[in-house]
Every structure is written in structure tokens, then in C-alpha cells.
Amino acid sequence: QARAAFDVVLRNAPLDHEIRARLVGLLYGDGDVAGARQQVATGIHLAPMHADYRLLDARLALAQGDRAGALATLAALDPPVRENLDYYATRAGLAQSLGDDAQAIRCYQQLTAARPQEGRWWMGLGISLERVQRGLAAREAYQHAADQALSAEARQFVKQRLQQLEKSS
């Protein structure tokens, strides 16, 4: 019944993003991943600048184990950072996990500029900077991370990386 009601609403108001997102959740919850992805694709087609559809599509791709596809979906749009922090955090993490450190660095830099008190983003930035052999910049990023709230594990990791970078300089 809910599906039918959502379909009626979307036939009359195809740009009702909230209803489309609810329908995607319902379809996914019922195990209809293909239907959920089709609704997201329709949303992207109708509203290509609506970042939430791309984030939904990336999450559905991730649920199917397609990390590269998820990253490609997110990399296709650069929405305003401040209104799309989760979008950029997901994109940065995916880029980093797939070895695209240049993209990860760009995303983490945008995230830390938008919300400098997020230690995990500084840590992510430090990791990618270290991977591309930018030790001094990585140390600065790790130091910013150390100055923010972090989990005990993350704090220990940052401390170890700072010590290692000090030894190698």
C-alpha cells in the first residue's frame, strides 16, 4: 500500500524528493535493490544537481560491493560542501580506500575548511598526504587531528604517525 501511495504522489509531483527518498528506502528494505536504484536514477535524471540522490545511489552501490561505482557516482557532482558534509566525507573515504589520494586530499581539505573541529577529517587528510609523500603537510594535518576530539584508537594512530614522521624528518 505504501508503494502504491508513493507512486501516486510521484506521478503527480515527480520532484518530491522526500517521497522519492522514502520510496527508495522502502524498496531497499523490501530487498528490491534494482527498484530502489531505478528510483534513484529517475531522481538523478529529474534533478541532476540534487546531491542526495547521488549519495543514495553511492550507498546502494556500496551495499552491492561496488566501491568504484559508488565513488564514480559521487565524483560526478561537486555540490556545495557546507550543505553536503556527509557526501564529501563518503567521497573522501571511498577515494582514500581506492587509492585515489589526490581526490581524497581535495575532499578532506574542503571538509576541514568547512568544519575544522572534525578530527577524523584531519586524520584522513594526514593519511592521504603521507601516502603522496607530503610529510610536512601530513604532520600538520595529524597535529590538527590531535587537537580535536578523536576516539581512543584514532588518537593512538595519530600519535604513532606523528612520532614516525618526526623520526623520518
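Contact means heavy atoms within 4.5 Å. Helices (H or I, at least four residues) are DSSP runs, numbered from the N terminus.

## Basis

This is a predicted model: local features need pLDDT of at least 70, side-chain atom pairs count only at pLDDT 80 or more, and totals for chains, interfaces and linings use all residues. Residues are numbered from 1 along each chain as its sequence is written, and side-chain values use heavy atoms, leaving out hydrogens and water.

## Helix H6

Just after H6, Gly99 takes a positive phi of about 85°.

## Nonpolar cores

A nonpolar core is a set of buried Ala, Val, Leu, Ile, Met, Phe, Trp, Tyr and Cys residues joined through side-chain atoms within 4.5 Å. The largest has 37 residues; Tyr87, Tyr108 and Met123 are among those touching the most other members. H6 supplies the largest share of this core, 7 residues.

Met123 touches Tyr142, Ala145, Ala154, Phe157 and Val158, not counting residues up to four places away in sequence. A second, separate core of 12 residues includes Ile19, Ala36, Val40 and Ile44.

## Trp122

Trp122 lies in helix H8. Trp122 counts as buried because its relative accessibility is 13%. Its contacts include Thr112, Pro116 and His144, not counting residues up to four places away in sequence.

Notes
Buried < 20%, exposed > 50% of the residue type's maximum accessible area, 1.4 Å probe, protein only. Helix = DSSP H or I, 4+ residues; strand = E, 2+ residues; numbered from the N terminus.
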